[in-house]
Amino acid sequence: MKWIEGRHTPETVSARIAGVILQPPHQRLWWQLLGLSALGVLWLVVSIGVLLYRGIGVWGVNRPVGWGLAIVNFVWWIGIGHAGTLISAILLLARQEWRTSINRFAEAMTLFAVCCAGLFPLLHLGRPWYFYWLAPYPNRMLLWPNWRSPLIWDFFAVSTYLTVSLLFWYLGLVPDLAVMRDRATSLWQRRIYGFFALGWRGSSRHWSVHQRAYLLLACLATPLVVSVHSIVSLDFAAALVPGWHSTIFPPFFVAGAIFSGFAMVVTLVIPLRYLFSLQDFITERHLDAMAKMLLLTSILVSYGYLCEGFCAWYSGLRPEISTALDRFQGVYAPIYWVLLLGNSLAPLCFFWPAARRNIRVLLVVSVLINIGMWTERFIIVVQSLSHEFLPAAWRLYTPTIWDWGLYAGTLALFSFLMLLFVRFLPVLSISELSKQAVEESHE
Amino acid sequence: MLTGALGRRTFLQLLSGGALALMAGCSPRPRGELLPYVVAPEAGEEQQIFATALPYLGMARGMLVESVAGRPIKIDGNPSHPASLGGSDIYAQAALFDLFDEKRLRMPLRSGRPAAFRQMLDEVKGWLGAGAEGLHILTRTVASPALQAAISALGARWHRYDPIWPVSLACRRPAHLRAPLQPCLVAFDADPLGMHPEHLRLAREWSALRPRLYVLESTPTLTGGRARQRHGLPPVEVERGLWALAARFGMAPAPEGEVRVEPAWLDRVEAELKRGDGLLLAGETLSPQAQALALRLNRRLNAPVDVLPALDQHLLSPNESLHELEGALQAGEVKVLLILEGNPVYERPQFANYLSRAGLTLHHSRVANETSQLCHWVLPASHELESWGDLRAYDGLLSLVQPLIQPLHQSTSGLELLARLKGDERDGYALIRDFWRGRPWDESLRRGFLEGSHSRPLEWSEREPGAAPAPVPETVLIFRPDAGVVDGQLAGNAWLQECPRPFSKLVWGNAVQLGRATAESLGVANGDLLELKVGQQSCTLPAWVEAWQPEGTLAVHFGFGGERGGYDVYPLRAEDAWQAAVGVRKVEGRVLPISTQAHHQLDGRAILQTEAAAVEVDLYGEKAPSESEAWGMVIDLEACIGCNACTVACQVENNIPTVGPAEAARGRELHWIRVDRYDHGERVDFQPVPCQHCENAPCEKVCPVGATMHSHDGLNQMVYNRCVGTRYCANNCPYKVRRFNFFDYWGRGSKGEAPSPPLNLGWFEGEPKNPEVTVRDRGVMEKCTYCVQRISAARIGADKENRAIADGEVVTACQAACPSQAIVFGNLADSGSRVARARSDRRNFALLGELNTKPRTTYLSRPNEVD
């Protein structure tokens, strides 16, 4: 099956992809967007400053809702950060060739999303300057973290994931950085790309070592795809809170993460291929494949919702049932309906091939899924906490401007990093696409 | 010595000299002879306990004040004082706040400017000359014989007013009706467990007796909350109910027309009363005729009601009223007007129109208020904890008010001020000693009161009750004192402001309470504004739906408005009226009153276990408590009256800051023990919820840094220093008892969010602190510790004597305060301890025990009455 449109040789592939950087199109638009994102990043800095100066109280968190938007956003970003490794590692091992066109981009997205996610657990501490107490380090008081706490597992899971994702992304980049070095026109570009290309010469020995290392990392990264979000889900599942205390959470969260990650890839890839004229490499068939992934994961996630309801009912426990019903009837019900619309209903249209290949439908549905997955985390975190065991302690949570500020700030940070990425690094894998172009030309 | 360079020795000499000078300046002790409480527990030199008396509704309750290094830090009931019996209430607990209140006046002010006290004396002399002609004094109820004598001695005209006259009008002269509680009680708009000068004694008796209580009332009261059968009716229908009951005993004509009280209730009460041992309680808000009828019925039932003379016999005599003063002012007869305490301009708004007619006005007050703004002179008044005096309790028992500290500011007590006006320069101690000459002083001071000094019952005949009042068709507005700030005098007290009102759970303000159907008919929900119109006056308040407020009535609580927060409803109130016909309409706008509890329904959960619960089978095996000590608590839900004394006592003991209205509105109040209210069926239940100290604690498992863990004696401990503030423990606590410092609520570094300006009552620096308890930082979790500092103190004491801690040696702050003794604390490992015995009661249950948290705090359920 051909995944590349048109007639391409390694030379044309290199020229087209390196050209995005060396003869950048849409410079004005890029600067405008970068400026806008930079303003957003400034806002992020202000939000963090206010938070550190005045305290967690600037957020809307209260008793009983001790976790608010910060944790919602953490889980949301981590979820988005799932697609990269999944595409890179699992699809690589599963020999899904269509991944070649999107893996670099998805990996970068993963990295930036995890960076954004990583901010939240640190900042949401009451005393963030003591975050390192979560790490087991030798100290005079012989204090050790509490290994029973899911937050400790979380701490390790997320930091491992970030490290491996970074390595994987960089390892894949090395041959492409060498291409950039060779094609660069100015001295400084050559030097910088050259530095990061680690002296790559493209010899057979280089390639053989690289391929082995890449495969090895893929094998290492694969369990991480499952582990990170499983462990994030344990933050909730290991607690007593009705709506959290559920054994289905790990697979349910992993499915949701892949779902939201793919949705974000689709959301970003559509304008990208259009702006940089990459339709040859990211074809409608790629979009179709991703839409199928969305459909599959949507159904998995919907199964999770059904299971939650069933378990609540089957438990016969009033707090569980009450929490489940409150999702449909309570103050947060509109948010729950958005969740069902975005996550369960809208993706069903992908049963129709026409919808899978219609750019507009894809874009709208993927954005809906992004929103839906955010509301899902809101419902899980906030609604569950607001409606616990003792009705006397029920209370709602309303985000404040600083809750939203931090969220908007991380969105800006994400787009800021993405913009830098598309401007300075090859957005698609030159080496892998070249290989694919050669292979396809032989077919 | 200082000529050369400052050498090491010289430096040390100067340092020690300076330190000595500083030490001499610390701990101002009051002058005069201070005698510690007679059976004070043995303690170091630092800590001492003194007996004194604090007023509530103007009358004394005996208190013991703990003083550390010369500073009062905690107040609890005096067990030997008959008016408190060791229990206390939120007002006593919070009195320390008023003492250290930053808003207190610091020096005499003449027209708002600091001035010398002597200048005031000269000015008064200038107006009056040698005599006392033209001197008028306005007071509230005065229950202090020394002060009464001093006022009389001055030869001035004495006027009295009070927003709450705590006297019965059943007889022809103002009286106090006092009776020991009986096994069957019938209350008509009476609140012996709440707004009653003797509520501590009554709560204790109630708890010991657990009488069968039947209540008709027009606003929800703590007493109604404990009733077997309680009906809410408009005030006039409550009275008609009393007549209907009296008619069944042939004591009064049956009320004409339809009576709204249910015949079943009347049947039941009649049958109960006919069995004997019954007592009727008629509230002082009822008409004098109704009160008289109740007294007559009590006499018929042979209920042991004593008629005691009111502490101030001239209380209601017409020529000593506020009206008379207004007349005198109008006629220009008043040269000098001295207002002792109180705030008549606020409580009787029309009085402001007359005040300017006096030649010279003096206001003796602890804080500046509406009245002091209109007076020429404002004289700072001493707090009861810094002045000498005496005070009678409800039953007339003469109690001594003993200072714990020298006046913090240039203030005088009322006694001293009156003496100065007479040219007597002696201090309060000398004055009270002089007044008490011939009475046993040392003994009374140690004990806190003069034994055998209570009033003797009188044989006064009651008024003629006459016929029942006619029904009132229109909507009635009911005025009541607020449960927190009472008449507004305590509105500066942040502890009281932030103490949730027992029923509404409102803090930092008031609202108009109305029943569900009434709210629906007006089309309002919580927070919608309602305009109330009484006569020419109108006032707009937010609505608050209260399931127990009788339909067709609205209730407002006075004591708010302006800087106090909330809304001032005194302008609607004509004189001392407790109700008024009202016009009400909805107006645009919404102001949601601040409440700490939004849901009162049980939602089908067995939280109170009013029915016997199925036996829980524990699949995980019993974890044996520690062999030597296993601290535990049992809270009797049947005994709990919902008064919140535990909440405030805990706040004082454990240095819990108030968070202010803005933060309270966000649900961030820090009380370590809260009292939940649940409505179910005809019942209201209160459930105090402190940390349950679970043996299998969900909070401990989830803390990533191990900041909360178990002690050897079973306490769930919180290590503030280690806490990084993930709030995971609070999320995982099913009881929601963990509190978080979202801001720096103590205001050190002032990073806390400033409260909204009109409610800035200055609580940051003013709140006194317990030196035994750590003050928590921003970003740190905190919660009930079972008063670990008290456990440690007891352990140190026991270790010194090489013995185990005895049962009852550790008393938690909530337990000590509880007037109805609903809380028992002790060692569960000691099978003979009170707490272990309480835990083996068959009413004992663990809250959310099905979660297998194995709480150390358990409850005794309040069963459904079996009829």
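Predicted model: local features only at pLDDT ≥ 70, side-chain atom pairs only at ≥ 80, totals over all residues.
In chain B, the domain assignment gives three ranges: domain 1 covers 175-309, domain 2 covers 476-590 and domain 3 covers 631-860. Taken over C-alpha atoms, the centres of domain 1 of chain B and domain 3 of chain B are separated by 36 Å. The contact between these two domains draws eleven residues from domain 1 of chain B and eleven residues from domain 3 of chain B. On the side of domain 1 of chain B that touches domain 3 of chain B, helix H6 (199-209) and helix H7 (222-225) of chain B each supply at least two residues. H6(B) gives the largest share of this side, five residues. Sorted by class, the side of domain 1 of chain B that touches domain 3 of chain B consists of five nonpolar, three polar and three charged residues.

A further contact joins the two chains, with 44 residues from chain B and 39 residues from chain A. Four elements of chain B give two or more residues to the side that touches chain A: strand E27 (674-680), helix H22 (698-702), helix H23 (728-732) and strand E31 (739-740). Of the side of chain B that touches chain A, the largest share, four residues, comes from H23(B). The classes on this side of chain B are 20 nonpolar, eleven polar and 13 charged residues.

Chain B also contains an open sheet of four strands, in the order E33-E26-E35-E34, with mixed pairing. Strand E33 (823-827) and strand E34 (844-845) of chain B stand at the edges of the sheet; each has a single partner strand, so one side of each is left without a neighbour in the sheet. In general, the strands of a sheet pair through backbone hydrogen bonds, in either a parallel or an antiparallel manner.

Note on methods:
Residues numbered from 1 in each chain as written. Chains lettered and ligands numbered in written order. Domains from an automatic or database assignment. Contact = placed C-beta atoms within 7 Å. Nonpolar A, V, L, I, M, F, W, Y, C, P; charged D, E, K, R; others polar. Pairing = 2+ DSSP bridges.
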